[in-house]
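Reader: Could we go through this structure together, beginning with the terms?

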Amino acid sequence: MQAKKPEGTEDLFGARMRAWQAMQATAADVFGRYGFSAIETPAMEQVDVFVHGIGQSTDVVRKEMFRVFSGQNFANVLEAGTDAKLKPGKRLALRPEGTAGFVRAAVENTFVPQGGAPVKMWYAGPMFRGERVQKGRLRQFHQVGAEVLGAPDPALDAEVIIMLMDFYEELGLDRSKMRLLINSMGDPACRPAYRDAVATFIREHADEMCEECLVRADTNPLRAFDCKNDACRAVMADAPLITDALCDECAEHYAKVKQYLDEAGIAYEEDPTLVRGLDYYTRTVFEVQVTEGMGAQSAIGGGGRYDGLMELEGGKPTPGIGFAVGFERIMLALEAQGVNLAGPEPTCVYVVSAAPECRDAVFRACLGLRRAGVTAEADYQGRSMKSQMKQADKHHARLCVIIGPDELAAGEATVRDMRTHEQRSVPLENLACDVRDLVNDDAFAQADFPA
Ligand code: HAM
């Protein structure tokens, strides 16, 4: 049987893998400047980490989580028809996002001791959501995310947003083609009354809205702003707005965030209907959208403040804020803008054996070159010299080292510049150092080699 990859997943290799690595290197660089260090949490967590953190009534938890059962547990679940009898520690899911797991790790490892300074961490890795697959929407996708725990200061909200915009810019995205949307979702003091007002509004317009929105009125009324149904969205255009319902503290916090963004020269659009799909948000939320080349999935990143999440995950009350960026969506946006994040194909020095009796010398030359820090490649299939030269081109070789019987007898090798076809003889005993110096020579390194 010829197996195929699961729907909505991708094999990452070649240029796309280099782009994913470049995105992580850019994150390490940009986020490092803001004092963030890297963390890796498990790709699976106890289901409750997501249920408590993201919210029981969210689509992500209700419809999109991939559940994981190890061998015997799976058999037990099949037999019982439910996982209700499994201990919480055995009820696992692949992470649909990184924040809930990060906060679980922060509680478990006491990242923020009482009175401690804020902790800033970033992560990169695969996330899993059982969504309907379409352009820019996968079931295993990759996120780069950043989180800060330990301070409610609105300056932090602004700095996190500024860092996100720096990141996009450093990846090569055109700022003029991005929209930064911001909103405040209030806090436990003002949001409940606002939620009730929206729920009442939906019920008053019940005959104009879809079944799902009517359910949302009871479970998660703010999600009605994101309903895919045009008729519902048209009705919701007249719904009460959170901006008018914020308590004084939240309004002041939001005003400060905007003041800092203005000061930093970051353009944004206020969108009072921006509610995001995860329940843990409080106060500031934001999303960045790109229109060109994206199809329906225009969000290349988003995030917000989550001041209540630590408690939901069993920790002490600790404010938090962060964002995540989708690699696959960034790639769509970069491709539409003609930006190559992967960089040029890697080059090498190709060592050619001009006759079978030179094979051992080629082996030794490769060994020496690699130990000197030079990427070296050679033929392993006894190809003719002509065909080895073709292979050298395929490997984007900048130099070829040719070892033939005459050279071997004279203790030399011929080094050929693949761009100019200039050749020179180099003593075999100095080969590794001489070739390394040639490769590192600035003029040579910057020359335009055929890719
Ligand atoms: P999110 O908005 O659900 O937020 O996801 C962040 C980004 O991940 C999206 O803007 C999008 O680029 C990408 N993304 C999401 N789902 C998919 C998918 N199915 N296929 C491809 N890309 C996708 C979060 O995940 C929050 N944890 C962000 C956060 C961090 N908030 C606070 N801290």
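Author: Helices (H or I, at least four residues) and strands (E, at least two) are DSSP runs, numbered from the N terminus. This is a predicted model, in which local features need pLDDT of at least 70, side-chain atom pairs count only at pLDDT 80 or more, and totals for chains, interfaces and linings use all residues. Residues are numbered from 1 along each chain as its sequence is written, and side-chain values use heavy atoms, with hydrogens and water left out.

Reader: Which element gives the most to the shell around the ligand?

Author: That is β10, with six residues.

Reader: And how many residues surround the ligand?

Author: There are 26, and the closest are Glu97, Thr99, Glu131, Glu147 and Tyr281.

Reader: How do the shell residues divide by type?

Author: Ten are nonpolar, nine polar and seven charged. Ala, Val, Leu, Ile, Met, Phe, Trp, Tyr, Cys and Pro count as nonpolar, Asp, Glu, Lys and Arg as charged, and the others, Gly among them, as polar.

Reader: What lies 2.8 Å from a nitrogen atom of the ligand?

Author: A polar side-chain atom of Thr99 does. In the side chain of Gln143, an N or O atom is 3.1 Å from an oxygen atom of the ligand. Phe323 has a polar backbone atom 3.3 Å from a ligand nitrogen atom.

Reader: Which elements give two or more residues to the shell?

Author: They are β6 (140–149), β10 (299–305) and β11 (320–326).

How values were computed. A residue is near a molecule or strand if one of its heavy atoms lies within 4 Å of it. A polar contact is a pair of N or O atoms within 3.5 Å; within protein, one must be able to donate a hydrogen and the other to accept it, and residues adjacent in sequence count only if both atoms are side-chain atoms.
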